[in-house]
Amino acid sequence: MTKNGSVREVLLLIGAVAIAVTGCAISTQRFGRPIDASRIANIAVGTSTKADVLREFGPPSAYSALPVVPSRQDPSVTGADDLLARAEAESRMFVYEYREDRENFLTIILLTRFRREVVSDRLMVFFDEGDVVHYVAFSKQTEEPAAQ
Amino acid sequence: MIRPALGLGITALAAIALSGCGLITMMHDSVIGPISPVGRVNAVTVGSDFHVTDTGPVAELGADARLRPIPRDMIRRMAMPNSYWSLAQFFEFFLTSFSFVAQRETHVGRADLALPAELQPGVPVGEALALLGPPDVWIRRGDGSFMLYRGVSDRAWSFYAGVPPPVGWFIPIPGITNLRYSYRSEKERATKLMLFFDERDVLVRTSANIDVSGEAR
């Protein structure tokens, strides 16, 4: 065998080993259902009701209430009883959430690289005592789906 | 005729001792571990950077470039990998046996958190919600409320130089796998924006570790 031939074989072997020990993977875990942002305009603050929100977005991921902490001072002196009751009444909300957990992993012989990104779209709709929409808050962190 | 049998016996003994959690290993470590020329075998083969919680042993190994024969919680990884990374670490030995540099990045929440210029004292809570979206934390009191928006990013980098435990088994020098150098750097950065409202739900103050352009301070 010639010298050139053996060098080529060694290079091929190194290349094969490098390919064999190189790996990568991309994964995305999705939780919940994507939120259709175009429908948020149909929710009018002060007019739409809980039933309207359910009709537009379906059942929420969570129906909860904000934590309301009583004041340290005596409420009978400060008159905070009424304020606290109002805060409690206006703390009920529907939460819609869609979350993506993106991970990618790459290993090239001597280096391993891992990247993880957790992003979510959230829609919160707050109601007043009469179950009328009081506040709407929406944030989108995931990317728009590609146009078909 | 005696030599092969002796060799097999020693190999079997070594295999049991190096199993990481075997009886001989544990006896060795607890009795002569501190002065043994091979060091604490369990710590070398199984690892020692984990803590026990009410759900069992937990280890954060995402940025760990250590060369090890098997992942520490291999059975759990096989049975119920809770993320791709957890599963990938099960294959770590096969994939990254010679990978002594590891880099990890984790981003959770709003990386582009910025303080809008319109967000000035006097803004009602509804407008603040429209500008920033749902807060991560919102605590209401009778006499006011507090909102928090946050994003967390974590970058880690680690380097390991030493004799990998599986290779050390074939080097007849006691404690050779203890000769190692490892370096690990971990940086966690959080961007935070806090809003304080009065009892009429009007913004009175903001506090943030970001500026208007969104750069973390």
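Modeller: In soluble globular proteins, nonpolar side chains tend to be buried together. In this predicted model, the largest nonpolar core has 22 residues. Those that touch the most other members are A:Phe126, B:Leu119, B:Leu129, B:Trp138, B:Met147, B:Tyr149 and B:Leu195.

Biologist: Which strands and helix each supply at least two residues of this core?

Modeller: From chain A, they are strands S4 (92–108), S5 (111–127) and S6 (133–139). From chain B, they are helix H7 (125–132) and strands S5 (144–162) and S6 (180–197). The largest share, four residues, comes from H7(B). There is also a second, separate core of twelve residues, and A:Ile43, A:Val53, A:Leu123 and A:Phe127 are among them.

Biologist: Let me look at that helix. Which residues of H7(B) are buried?

Modeller: The buried ones are B:Val125, B:Ala128, B:Leu129 and B:Leu132. Looking down the axis of H7(B), you find these buried residues within an arc of 100°, so they line one face of the helix.

Biologist: And what do the buried residues of H7(B) pack against?

Modeller: Their packing partners come from both chains: S5 and S6 of chain A, along with strand S4 (137–141), S5 and S6 of chain B. Just after H7(B), look at the backbone too: B:Gly133 has a positive phi of about 85°.

Biologist: How do I read a strand pairing, say S6(B) with strand S7 of chain B?

Modeller: Check the sense and the bridges. S6(B) pairs with S7(B), residues 203–208, in the antiparallel sense over five bridges. As one example, B:Met194 has B:Ser207 in S7(B) as its bridge partner. The two strands form a hairpin with five residues between them, and B:Asp201 in the turn shows a positive phi of about 60°.

Biologist: Finally, what does chain B look like as a whole?

Modeller: Chain B has eight helices and seven strands, and 41% of its 217 residues count as buried. Chain B exposes about 12,300 Å², with carbon and sulfur atoms supplying 65% of it. Of the contacts in chain B between residues at least 6 apart in sequence, 57% join residues at least 24 apart.

Note on methods. Residues are numbered from 1 along each chain as its sequence is written. Chains are lettered from A and ligands numbered from 1 in the order in which they are written. This is a predicted model: local features need pLDDT of at least 70, side-chain atom pairs count only at pLDDT 80 or more; totals for chains, interfaces and linings use all residues. Side-chain values use heavy atoms; hydrogens and water are left out. A nonpolar core is a set of buried Ala, Val, Leu, Ile, Met, Phe, Trp, Tyr and Cys residues joined through side-chain atoms within 4.5 Å. Buried means under 20% relative accessible area, exposed over 50%, partly exposed in between (1.4 Å probe, protein chains only). Contact means heavy atoms within 4.5 Å. Accessible areas come from the Shrake-Rupley method with a 1.4 Å probe; for residues, only the protein chains shown count as cover. Two strands pair if DSSP finds at least two bridges between them. The arc is that of the directions from the helix axis to the C-beta atoms.
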